[in-house]
Amino acid sequence: MDLAINPFSSGTRLRDMIRSIRACKTAAEERAVVRRECAAIRAAISEGDQDYRHRNMAKLMFIHMLGYPTHFGQMECLKLIAAAGFPEKRIGYLGLMLLLDERQEVLMLVTNSLKQDLNHSNQFIVGLALCALGNICSAEMARDLAPEVERLLQNRDPNTKKKAALCSIRIVRKVPDLAENFMGAAVSLLKEKHHGVLISTVQLCTELCKASTEALEYLRKNCLEGLVRILRDVSNSSYAPEYDVAGITDPFLHIRVLKLMRTLGQGDADCSEFINDILAQVATKTESNKNAGNAILYECVETIMGIEATSGLRVLAINILGRFLSNRDNNIRYVALNMLMKAIAVDTQAVQRHRATILECVKDADVSIRKRALELVYLLVNDTNVKPLTKELVDYLEVSDQDFKEDLTAKICSIVEKFSQDKLWYLDQMFRVLSLAGNYVKDDVWHALIVLMSNASELQGYSVRSLFKALLACGEQESLVRVAVWCIGEYGEMLVNNISMLDIEEPITVTESDAVDAVEVALKRYSADVTTRAMCLVSLLKLSSRFPPTSERIKEIVAQNRGNTVLELQQRSIEFSSIIQRHQSIKSSLLERMPVLDEANYLVKRAASTQATVSSVKSTPTVTSGGQPKLPNGVAKPPPAPLADLLDLSSDDTPVTTSAPTTAPNDFLQDLLGIGLTDSSPSGGAPSTSTDILMDLLSIGSTTPAQNGPSTSNFIPPGIETKPVAVTPQVVDLLDGLSSSTPLPDENAAHPTITAFQSATLKIAFSFKKQPGKPQETTINATFTNLATTTFTDFVFQAAVPKFIQLRLDPASSSTLPASGNGSVTQSLTVTNNQHGQKPLAMRIRMSYKVNGEDRLEQGQISNFPAGL
């Protein structure tokens, strides 16, 4: 009668409670049902109800699985475990594993009950205790109960042995010091026939190897024969229905044994030799048309690669992976690609045989396989196969998915840069990549391309013609447009006159108007991209000098940006228009070609910026007087200088100064091109550039070609000055006779040559020359001599000075130092001591170079400068 009135009394069956909870339509209804049931269980616990204790515990476990608190029933678990009957103990131990964990203090109360049950005469109760101990054993319980578990490993019942072995794994994990107690028993259990005992014992042996070095050595000596026997028996056994999985006998035991063999054979040649034969047998006899067989083969391959296997066995393993690549299952192909990436370090030649199959995986429909295969192809590239592999990747770039183009483009560019030995091949590949995926090419890649073209004078004509044709065909690729307009601006006359034609080229007919048309189209197409538009304006300005008949048309195009909302473009438009209109007599000298960019120095700085070279570390930057960091080449970023109104375009004579470094793109080419692409300043004035705008653009106003430096240390080409560029009287006269602040000359005494640095391998000598009228400025001629018997390559000299000194480094005469003093390299430095007569010169130097491809670094301090500098 009570049950009918209260369906949630302690006598409610478990299935009725589950049915009531599942019938709830809202979470609130479910919570109400659980609350009422928990209240009934609490009442039964407080009343000491023993008849329904096991039923209440079953309900609590279901409530616990729903996520509700059940801590009030923990003591009931202990009472059920202490009961005599198997049904009560079963529920009690199940509740113990679900409701408690090893962090609960109440768990200590159950240790005595566990000990009694481990010694019980009923094997099923012993099994319950072992199962619970294997799930929630703490370190204290492990120490207390380890002897009982060790004894049960010798029990006659296979199920008890299996559970005891699994429980031993937990004990060894919790207390590694107890590993030695189980070593002998583990070896003896490997002689069992029951697969359940064998697989748990193999897992115990694996855990023992991880826990103790002594256990590892013991098992190497005593269990290898047993493992080989197990693997041979399982591989050669006939059909056994209780262990069969898709025609393979117990693949789980196969895999566990192979993993243990890998652990034992790793770093041990004797063990590896002992198991070579059985591994070869498994690799050749296992069927690969079933998933279970593929799992065994994969584990076998991983074991072969992990031990000291013979070369023939490794080739066999890599061939198995090659077969995996032809499998229709994406998962199998993916794990094969992963394994091949590890195998490259072991046997590159064997992996190279499957290059064609790996290339096909790059074109797979599955994005994960594509990316993994692309990484593998990148690792396979070497000097002998770079051209065919690059051709395959570039051909696929044309039809690849948009989502994959970025990764593919980055890898192709990296391969071309890393392995290119032929400049023409490098240019062809980069031009094709720019044409197919220019929108995905990173800035540093096309900057490096421009540096190479600047240095390859014999290929400049070929480059500008190729880029012009590509620009007409693929004008929507942003990076292609930038490189093309830069080339057209620099080498436009080569394009129109077909200068420096190569044998592989056919002459093309391009008029001056065609070249201007191409740049104008790019300027209009990329109206939202400030960088590209700024480069187009610079290109048009240079074309006005190279093609005088087009000057009026170019002036009209440039003038269209006079009202541009971007201050940088507006300012350039106004100033460029004035150059074209008012300064015809000096325009050709203003707009001559950019000086050759130092390719070796650029590559070093680029590598340093990505922390890819050894010489980029262990360097603490010094600070100049303006709070600006000292750059790696010992060259500080020039402080902001007044914008000299050379063209009378502004009535504001007040210098624009700032106390902090200006914000500029982290790229030297944009500085070289005069593209300080900042939006209008908050005050509405001109953008803060490092030097006068014309000097920034056209390298005018210094005794040597100078370029504006970047705001970061990505690249510091020699020729950068650490002070505002002074206008020479000749240039001032050309630009309408602006007054010069050049002081009157005075005479300076000569200074002796010194040995600035000398080590066992390198000697540096400094000679000095003073500039008339500039006592604070000294030109230093550095001579580098190689004292070693091996030639130094990629030689780079760097210098750092105190903050009261400005420093400029000119390009070195060579980047290669001949061996044994048979020749030398020279480099000019210009230093300006702002505290001349008060403080002497001081300098720290660093030299990086390569000897047989290996990076070397030397550094020192120079404090023996002659007085008066």
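Is Ile415 buried or exposed? With a relative accessible area of 2%, Ile415 is buried, a word used here for anything under 20% relative accessible area, while exposed means over 50% and partly exposed lies in between (1.4 Å probe, protein chains only).

Before going on, a word about what you're looking at: this is a predicted model, where local features need pLDDT of at least 70 and side-chain atom pairs count only at pLDDT 80 or more, though totals for chains, interfaces and linings use all residues. Residues are numbered from 1 along each chain as its sequence is written, and side-chain values use heavy atoms, with hydrogens and water left out.

Back to Ile415, then. You'll find Ile415 in helix H24, residues 402-419. Helices (H or I, at least four residues) and strands (E, at least two) are DSSP runs, numbered from the N terminus. Setting aside neighbours within four places in sequence, Ile415 is in contact with Tyr378, Val381, Val386, Thr390, Leu393 and Ser420, where contact means heavy atoms within 4.5 Å. Take Tyr378: it sits 37 residues away from Ile415 along the chain, yet their C-alpha atoms are separated by 7.1 Å.

Next stop is Gln460, in helix H27 (residues 460-473). Gln460 is buried too, at a relative accessible area of 5%. Its side chain reaches the backbone oxygen of Met453 at 3.1 Å. That's a polar contact: a pair of N or O atoms within 3.5 Å, where within protein one must be able to donate a hydrogen and the other to accept it, and residues adjacent in sequence count only if both atoms are side-chain atoms. Not counting residues up to four places away in sequence, Gln460 touches Met453, Ser454, Tyr491, Met494 and Arg593.

What about the cysteines? Cys77 is buried at 0% relative accessibility, and Cys487 is buried at 0% as well. The structure holds 0 disulfides, a disulfide being a pair of cysteine sulfur atoms within 2.5 Å.

Finally, head over to some strands. Two strands pair if DSSP finds at least two bridges between them. Strand E3 (residues 754-758) runs antiparallel to strand E4 (residues 762-771), with 4 bridges joining them. Thr755 stands opposite Ala765 in E4, and a hairpin links E3 to E4 through 3 residues. E4 also pairs in the antiparallel sense with strand E5 (residues 774-786), over 10 bridges. There, Lys769 stands opposite Thr779 in E5. The hairpin of E4 and E5 has 2 residues between the strands, and Gly773 takes a positive phi near 80° in it.
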